[in-house]
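Trainee: Could we go through this model together? I'd like to know where each label comes from.

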Amino acid sequence: MSDLIEGYLGKRDDGTKSRMPAVLDRWQSITGLILGLFIIGHMFFTSSILLGKEAMYTETKLFEGSLFLDEPEPLLVGIAASIIFIIFIIHAGLAMRKFPYKYREYKMLKTHSAHLGHLDTTLWMVQAATGFAMFFLGSAHLWMMVAEPEKIGPYASADRIYTDNFGFLYALLIAMVVLHAMVGLYRLTMKWGFTVRKDPRAGRRRNKRLMWGAIVFFSLLAYSALGTYWEIGKAHQPDYGKRYIPQSQISAGGEQ
Ligand code: HEM
């Protein structure tokens, strides 16, 4: 009965407002924080290719459990990717509540933002636009990681980027994810007040500088890594599909 009253009148039967919007907002922030921190780690991991093929190979095997398993197991990466994908979907679902759906709502938001001339409001619009693009770009990448986790490695990743044309998708995804994650983390510090309590104005200025610095740094890192995978993939095209053989196995004659 109380559900019915709230459903029709927007208030609970005791006259108070539901706490559900606040609960959903908190979960949007928590899932966003997990994804934002994950992306920072992820950008460093994929950039291991800048240190060479052997470094990227060793790191891939570490994620497959080489430290504690006799044989590395790509399924571990597939499971991690599935968990990240579920968090990604929950986060997107929660964020959708705030999208302007109708033309009128969009127009009001745009006019309001232009009238205010307030960078943080503009940044919210950047969040909405990059988040929308990631529904498609992020899902394509994540599904690949869930479905074929064994196809990660210096040559496998480079083949995907160059010969399978994923490089174009990643070039767009890098811009979207770096902006979305760094603006999102900045907005979280402002929304929940971490690091800005003592002097909010100075805190906002400092956090905004950190945000721009992080955007430049992670863009440079990710595009340099993408360029490196691209070059490796181009050189490796005649041998498309052949996997990288680590130095330690060359003498033993094994193949990975
Ligand atoms: C556990 C989940 C994930 C795994 C295992 C994973 C793995 C990888 C790997 C191995 C690459 C190198 C290219 C390739 O092999 O195709 C890559 C690139 C990339 N991934 Fe992910 N990824 C995951 C989640 C995500 C998420 C959630 C996003 C953002 C929505 C993302 C964005 C990107 C971008 C932008 C690149 C290109 C980066 C670059 O070239 O430096 N990834 N990822």
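Trainee: How do H6 and H8 pack, and what makes them oblique to each other?

Mentor: H6 and H8 pack at an angle of about 135°, and their axes are 8 Å apart. The axes are lines fitted to C-alpha atoms, for helices over the stretch in contact, and angles run from 0 to 180 degrees between N-to-C directions. Angles under 35 degrees count as roughly parallel, over 145 as roughly antiparallel, 65 to 115 as roughly perpendicular, and the rest as oblique. H6 and H8 are therefore oblique to each other. Before we go on, this is a predicted model: local features need pLDDT of at least 70, side-chain atom pairs count only at pLDDT 80 or more, and totals for chains, interfaces and linings use all residues. Residues are numbered from 1 along each chain as its sequence is written.

Trainee: Which residues of H6 meet H8?

Mentor: Among them are Leu-123, Val-126, Met-134, Gly-138 and His-141 in H6, and the H8 side includes Leu-169, Met-176, His-180 and Arg-187. Contact here means C-beta atoms, placed from the backbone, within 7 Å. By class, the contact of H6 with H8 has 13 nonpolar, 7 polar and 1 charged residues. Ala, Val, Leu, Ile, Met, Phe, Trp, Tyr, Cys and Pro count as nonpolar, Asp, Glu, Lys and Arg as charged, and the others, Gly among them, as polar.

Trainee: And why is H4 called roughly antiparallel to H6?

Mentor: H4 and H6 pack at about 165°, with axes 9 Å apart. That angle makes H4 roughly antiparallel to H6. H4 passes H6 in a left-handed crossing, and H6 passes H8 in a left-handed crossing as well. Left-handed means that the near helix is turned anticlockwise from the far one by less than a right angle; clockwise would be right-handed.

Trainee: What does the contact of H4 with H6 consist of?

Mentor: Residues including Val-77, Ala-81, Phe-85 and Phe-88 in H4 meet H6 residues such as Gly-131, Phe-135, Gly-138 and Leu-142.

Trainee: Which residues are closest to the ligand?

Mentor: Gly-138, Ser-157, Ala-222, Ala-225 and Leu-226 are the closest of the 26 residues that surround the ligand. Near means a C-beta atom, placed from the backbone, within 6 Å of the molecule. The shell divides into 19 nonpolar, 6 polar and 1 charged. Helices H2, H4, H6, H7, H8 and H9 each supply at least two residues of it.

Trainee: Is Ala-114 buried or exposed, and how do you know?

Mentor: A residue is buried if 20 or more other C-beta atoms, placed from the backbone, lie within 10 Å of its own, exposed if 12 or fewer, and partly exposed in between. Ala-114 has 11 within 10 Å, so Ala-114 is exposed. Ala-114 is found in helix H5, and is 24 residues from Gly-138 in sequence and 29 Å away in space, C-alpha to C-alpha.

Trainee: What about Asn-165: buried or exposed?

Mentor: With 9 other C-beta atoms within 10 Å, Asn-165 is exposed. Asn-165 lies in the loop between H7 and H8, and its phi is near 65°, a positive value in a residue other than glycine. Most residues other than glycine have a negative phi.

Trainee: How many helices and strands are there in the chain?

Mentor: The chain has 10 helices and 0 strands. Helices are DSSP runs (H or I, at least four residues), strands are E runs of at least two, and both are numbered from the N terminus.

Technical notes
Contact = placed C-beta atoms within 7 Å.
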